[in-house]
Amino acid sequence: MAITILQKPAELSFSGNGMLFKVKSDRAIASMGTKAQNAIDIIQLAVGDSIKLDYGNDYIEIKVVDNPNNLGYEVRPVAIGETNKGSAILSALQNNFYLNRHFDLSASGNQARLYAKEIGSQFNISPRVEENKYSVVEGSGEDAALLPNFKIMVEIYLNRIDGSGYDIIYTEQLNTDNLLSDELTIDVSKALNAALEHDIPDFNDTTITFCKKSKRTYYVQFTEVYGDNPLPMQTLISDIFHVAKGGLSYHGNRTADLVSWLNREPEPEYDRFLKQGDSVIKVRTNQPEYLHFINLRSQTSAIRLKIELLFADESIQTIVLEPISVSLYDKLCIPTGYTYLGLTDHNPNLTLREYKVSLINQNQQPISQKITYKMDYFYREIVRYFCYSTSLSGIDTLATHGRVTASYEFSQEESRKPRFADYKLTDGDYTQFNQKIRRTFKAVTNYVTKRQFDLLTDFVLSKHKFIVRTFRALPISVDGKEFGKHKDLQNLHPYEFEYMYNFEDDHYTEGDSDDNGAYIDELYLPESANNSHFTYTFPFLLS
C-alpha cells in the first residue's frame with residue numbers, strides 16, 4: 001500500500017509556469033465496483049404486450065406489434081413454442097439508442113442479456129415479472145467507493161534563504177481528481193511563485209552575487225488521510241527540485257521548458273543569460289547593466305567573467321575576473337555596466353568602442369553566450385535610467401533622455417482646535433497634519449523598434465521599478481492607462497509614459513544632498529535646471 005508519483009515537474013522550472021504533480025494512491029478505493037449483468041427471460045409475447053425496463057434515470061418501454069419498425073421501441077410477437085426467443089427481440093434492443101449506449105447486448109437461448117458497459121449500480125435494471133410473458137433479472141452492479149473521508153494532504157517545503165533548512169509554505173487536504181478516482185493532480189507553481197522574491201541588487205555594489213531569493217529548492221510531501229475520524233497515514237516525500245522566480249510567455253512555455261530555453265544548442269557556449277531582447281546593447285558610461293545566469297552544468301565548479309575590450313584604434317584587450325565557486329543550478333547576478341566593471345582604469349588614453357562579456361568555467365571553456373555593449377558617447381540632455389525586474393527574474397535597464405513634465409500632488413488632513421481662555425487670533429481655529437507630496441512625471445523613451453517596445457511590457461508590469469541616480473535607486477510605479485501607440489510599418493517610435501515615486505516626499509527640496517550646482521560669480525545654477533531659472537544668492541529671487 002503506497003502513494004506513487006505518476007507525473008512530476010522538471011528538475012529546474014520557472015515558478016510562473018505550470019508545475020504539475022500527479023500522484024496515485026492504491027489505498028484510496030475501498031471497492032472497485034462491478035458491472036451490472038441484467039437479463040430478460042422470454043416466455044411468450046403477444047400483440048399488445050410490452051417489455052418495461054427501468055434503470056437509473058431511464059425508463060424504456062418496448063411494445064409488441066405485428067409489423068415492428070427498426071427504431072428500437074417495437075418487437076414482433078414471440079410464440080411459446082419458439083426456440084432462441086432471446087434472438088427474436090435482440091435486434092429491437094440493439095436498435096434502441098439508450099440500451100445500445102449503456103449495455104453490451106447479446107442473446108442466449110430464451111434469454112436476452114444486457115451487460116453494462118460501465119461500473120455502477122445505476123445500470124441495474126429493476127426486477128420485473130410479467131406472468132407467462134417475461135421476467136427481468138437484475139444485474140447486481142456495484143458502485144466503486146473510496147475509503148471514508150479519504151483525502152491526500154499536500155505539503156510544500158521551500159528551503160530558507162540562508163540554506164539552513166526548509167519551511168512549509170503550503171498545506172492542504174485535497175480530494176482526488178473526481179469522486180471515484182484514486183489520483184490527484186496539483187499545480188505547485190502558484191504557492192512557490194508567491195513565496196519566491198526577486199533579488200534586487202545593491203545598485204552601488206560592483207561584485208557578482210548569488211540570487212538566493214529568486215532561485216531556491218523545494219520538495220513536496222503527500223500523505224493519505226482517511227477514516228471516520230480522519231488521521232494521517234502513509235506518506236511519500238518527493239525528490240528535491242529547483243525553482244526559479246519568473247516565467248516564459250504562453251507560447252514560449254509551450255515551445256520549450258526552462259532548461260531547453262536556456263540551452264538552445266548542445267554546445268555549452270550557447271547557454272543563455274536570463275535576458276530577452278538583442279544581444280547587442282548601447283550603453284553609456286554611467287548606465288547600470290546586469291546579467292543573470294543559471295549554471296546548468298554539473299561539471300562546472302567555478303565561473304569567471306571574461307571581458308573583451310575593443311578600442312577605436314582596433315586594439316583588443318581581454319580581462320578575466322577572479323573565479324567564483326558554483327554548484328549546479330546556482331543563479332548569479334552579474335553587474336556588467338561600464339563603471340561597474342571598472343573599465344575607466346583600462347587604457348584611459350584610448351577610446352573604448354565596445355566590450356563583450358561572457359562566462360568561462362574552471363577550464364577556461366566558454367559556458368555562456370556573448371553580450372556586446374556598444375558605447376554611446378553622444379550628448380544626451382538629462383539622461384534617466386530606469387531599472388526593473390523582468391518576467392525572467394532578471395534586472396533590465398530602460399534609458400531615456402530629454403526633459404520631463406513634473407506635477408506635484410499635495411494632500412493633508414485637518415482638524416479643528418479647541419479655544420482656550422488665552423486664545424489669540426494667531427492661534428487659528430484649525431491645524432493640519434499628515435501633509436504629503438507625491439510627484440508624477442511624464443517621460444519619453446528613446447526611439448525604439450516594435451520588438452523593443454513589446455519587451456517594454458516587462459517594464460510596465462514589473463512589481464519592482466526604480467529610477468537610478470548616481471547608483472542610488474528610488475522606487476517608482478508607472479501611472480496612467482495608456483503606454484504608447486504603434487502603427488504597422490512604422491518601426492521607430494518614442495513612447496510617453498507617466499511614473500511616480502513610491503514614497504512620500506519628506507523634504508522640501510530634492511537637491512539638498514547631491515545637486516550642488518555650479519556657482520558663477522554670485523549666480524547659483526542648479527544642475528537639474530535647464531538654464532531657464534536662476535536663484536540669486538542674496539537677496540533677490542530672479543526668474
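**Close-up 1. Aromatic pair at Tyr98.** With a relative accessibility of 33%, Tyr98 is classed as partly exposed. The structure shown is a predicted model. Tyr98 pairs with Phe97 in an edge-to-face arrangement, with 5.1 Å from centre to centre and 85° between the planes. A search of the whole structure gives 24 aromatic pairs.

**Close-up 2. Aromatic pair of Phe103 and Phe123.** The ring centres of Phe103 and Phe123 are 6.2 Å apart and the planes stand at 80°, so this pair is edge-to-face. Phe103 belongs to strand β9 (residues 103–108), while Phe123 is in the loop between β10 (111–119) and β11 (128–130). The two residues are 20 residues apart, and their pair links distant parts of the chain. Both Phe103 and Phe123 are buried.

**Close-up 3. Aromatic cluster and charges over rings.** One aromatic cluster is formed by Phe386, Tyr388, Phe441, Phe459, Phe497, Tyr499 and Tyr501. Elsewhere, the charged end of Arg272 sits over the ring of Trp261, at 3.8 Å from the ring centre. The charged end of Arg419 is placed over the ring of Tyr423, 4.3 Å from its centre.

**Close-up 4. Salt bridge of Lys374 and Glu354.** The side chains of these two residues meet in a salt bridge with an N to O distance of 2.5 Å. Lys374 is partly exposed, at 35% relative accessible area, whereas Glu354 is buried, at 9%. The count for the structure is 19 salt bridges.

**Close-up 5. Salt bridge of Arg403 and Glu381.** Arg403 and Glu381 form a salt bridge through their side chains (3.1 Å, N to O). Arg403 lies in the loop between β30 and β31 (405–416), and Glu381 in the loop between β28 and β29, so parts 22 residues apart in sequence are tied together by the pair. Arg403 is exposed, with 52% relative accessible area; Glu381 is partly exposed, with 28%.

**Close-up 6. Second largest pocket.** This pocket holds about 940 Å³ of space. Among its 34 lining residues, Ile281, Lys282, Thr397, Val448 and Gln452 are the closest to the centre. At least two lining residues come from each of β21 (280–283), β29 (383–389), β30 (395–401) and α6 (450–455). Strand β30 gives the most, with six residues. The lining consists of 13 nonpolar, 10 polar and 11 charged residues.

Methods: Residues are numbered from 1 along each chain as its sequence is written. This is a predicted model: local features need pLDDT of at least 70, side-chain atom pairs count only at pLDDT 80 or more; totals for chains, interfaces and linings use all residues. Side-chain values use heavy atoms; hydrogens and water are left out. On a 1 Å grid over the protein atoms alone, a cavity is a set of points where a 1.4 Å probe fits but cannot get out, and a pocket is an open set with protein on both sides within 12 Å along at least five of seven lines; lining residues have an atom within 4 Å of a point. Grid points are joined across faces, edges and corners, and a volume is the space filled by probe spheres set on the points. Helices (H or I, at least four residues) and strands (E, at least two) are DSSP runs, numbered from the N terminus. Ala, Val, Leu, Ile, Met, Phe, Trp, Tyr, Cys and Pro count as nonpolar, Asp, Glu, Lys and Arg as charged, and the others, Gly among them, as polar. Rings of Phe, Tyr and Trp (its six-membered ring) pair if their centres lie within 6.5 Å; planes under 30 degrees apart count as stacked, over 60 as edge-to-face and the rest as tilted. Buried means under 20% relative accessible area, exposed over 50%, partly exposed in between (1.4 Å probe, protein chains only). A charge sits over a ring if NZ of Lys or CZ of Arg is within 6 Å of the ring centre and within 35 degrees of the ring normal. A salt bridge is a side-chain nitrogen of Lys or Arg within 4 Å of a carboxyl oxygen of Asp or Glu.
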